[in-house]
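Subject: Structure handover

Hi,

Here is the structure for you to pick up. My notes follow below it.

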Amino acid sequence: MTNPLTLYLAAPRGFCAGVDRAIKIVEMALEKWGAPVYVRHEIVHNKFVVDGLRDKGAVFVEELDECPPDRPVIFSAHGVPKAVPAAARQREMIYVDATCPLVSKVHIEAARHHENGLQMIMIGHAGHPETIGTMGQLPDGKVLLVETVDDVAGVTVRDPGKLAFVTQTTLSVDDTIDIVAALRARFPAIVGPHKEDICYATTNRQEAVKAIASDCDALLVVGAPNSSNSKRLVEVARKAGCSYSQLVQRATDIDWRALEGIRTVGVTAGASAPEVLIDEVIDAFRARFDVTVQMVETAQENVEFKVPRVLREPA
């Protein structure tokens, strides 16, 4: 006799429009130019997706100088410093920029503030590709990075009256609010974005997790360990009342011993995790429990981003 289990499935979950577009860009580039097509950095942070594209003929590299000049190269959804497309142009390479349009919006904002003589502060995680890409829109050392409220207290600025800030799009909504409040308290004249930089998909996935967390004995986030938005979902779930919240790349990573005796489990997925991996997790629970799935939907998404024109034109 298998134990009954209620599985709360968060919605929205999984792929966002930016990830969808980035994957489509690699697939269309392979169709147009044939294999191999080079991709600088993981196109999105998900091993399953990257391995699937590699099987189709994508070659993933860390730096542009690893790419031959006669093959197309694609820049990841996280965005790249300005120097990267400049180097590709210099080498007369065909390149396609798969940067998420919502990240590009932050890039444009940072450049505009810089042109207007404002010093930039970025709220983000050091070393994350998106942070590197955004900071790389401006000359070296022109963007100050803050990761925490404590960092705000220690930051040294040129002129407190001439400041602006931007945000990495995949951070925790709640954590960012505190950092923004600290920036505004210390620098009342600081200019912020018209609309928050945290993207709609990050916000929606965090809200869906908050809606189910307190009803769950355990909550699993399907996502990659290097995925910022997936890691934030785990943090959000813990803060929202589910102390056993874990990141799993796929069903084989689930620690079943830790789940003995549970009656309710929440399942969601980061913005770069495909639905097939979520189905795999649900099937793994069905194999061990008498599962009732309850979908909890807190928002509907109908965002779609066009692929670059170069891919819509014949070769």
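Gly18 sits in helix α1. Helices here are DSSP runs of H or I with at least four residues, strands are runs of E with at least two, and both are numbered from the N terminus. Gly18 is buried, at 3% relative accessibility. Buried means under 20% relative accessible area, exposed means over 50%, and partly exposed lies in between (1.4 Å probe, protein chains only). Beyond its neighbours within four places in sequence, Gly18 is in contact with Ala77, Cys100 and Phe305. Contact means heavy atoms within 4.5 Å. Val152 is 134 residues from Gly18 in sequence, and the two C-alpha atoms are 30 Å apart.

Ground rules: this is a predicted model, where local features need pLDDT of at least 70 and side-chain atom pairs count only at pLDDT 80 or more, while totals for chains, interfaces and linings use all residues. Residues are numbered from 1 along each chain as its sequence is written, and side-chain values use heavy atoms, with hydrogens and water left out.

**Cavity**

The structure holds 1 cavity of 30 Å³ or more. The largest cavity has about 280 Å³ of space. It is lined by 24 residues, and the closest to its centre are Cys16, Val19, His78, Thr170 and Asn229. The method uses a 1 Å grid over the protein atoms alone: a cavity is a set of points where a 1.4 Å probe fits but cannot get out, a pocket is an open set with protein on both sides within 12 Å along at least five of seven lines, and lining residues have an atom within 4 Å of a point. Points are joined across faces, edges and corners, and a volume is the space filled by probe spheres set on the points.

Which helices supply at least two residues each of the cavity lining? They are α1 (17–33), α4 (101–115), α8 (200–213) and α9 (228–239). Helix α1 gives the most, with 3 residues. By class, the lining has 12 nonpolar, 11 polar and 1 charged residues. Nonpolar covers Ala, Val, Leu, Ile, Met, Phe, Trp, Tyr, Cys and Pro; charged covers Asp, Glu, Lys and Arg; the others, Gly among them, are polar.

The largest pocket has about 190 Å³ of space. Its lining has 16 residues, with His125, Glu147, Thr148, Asp175 and Ile179 closest to the centre. Helices α7 (173–186) and α9 each supply at least two lining residues. The largest share, 4 residues, comes from α7. By class, the pocket lining splits into 5 nonpolar, 5 polar and 6 charged residues.

Helix α9 lines both the largest cavity and the largest pocket. Its 12 residues should span 16 Å at 1.5 Å a residue, and its end C-alpha atoms are 17 Å apart, which agrees. The expected span is 1.5 Å times one less than the number of residues. Buried residues in α9 include Asn229, Arg232, Leu233 and Val236. The buried residues of α9 pack against α8, β9 (218–222), β10 (245–248) and β11 (264–269). Just after α9, Gly241 takes a positive phi of about 115°.

Helix α4 has 15 residues and reaches 21 Å from first C-alpha to last, close to the 21 Å expected. Val103, Val106, His107, Glu109, Ala110, Ala111 and His113 are buried in α4. Their cover includes β6 (119–123), α5 (129–135) and β8 (163–167). Gly117 follows α4 with a positive phi, near 80°.

**Loops**

His41 lies in the loop between β2 (37–40) and α2 (47–56). Ser76 lies in the loop between β4 (73–75) and α3 (83–90). Both are buried: His41 at 15% relative accessibility, Ser76 at 2%. Outside four places in sequence, His41 is in contact with Ser76, among them also Phe60, Glu62, His78 and Pro129.

**Cysteines**

The count is 0 disulfides, a disulfide being a pair of cysteine sulfur atoms within 2.5 Å. The nearest cysteine sulfur to that of Cys199 belongs to Cys16, 5.9 Å away. Cys199 is buried at 12%.

Best wishes
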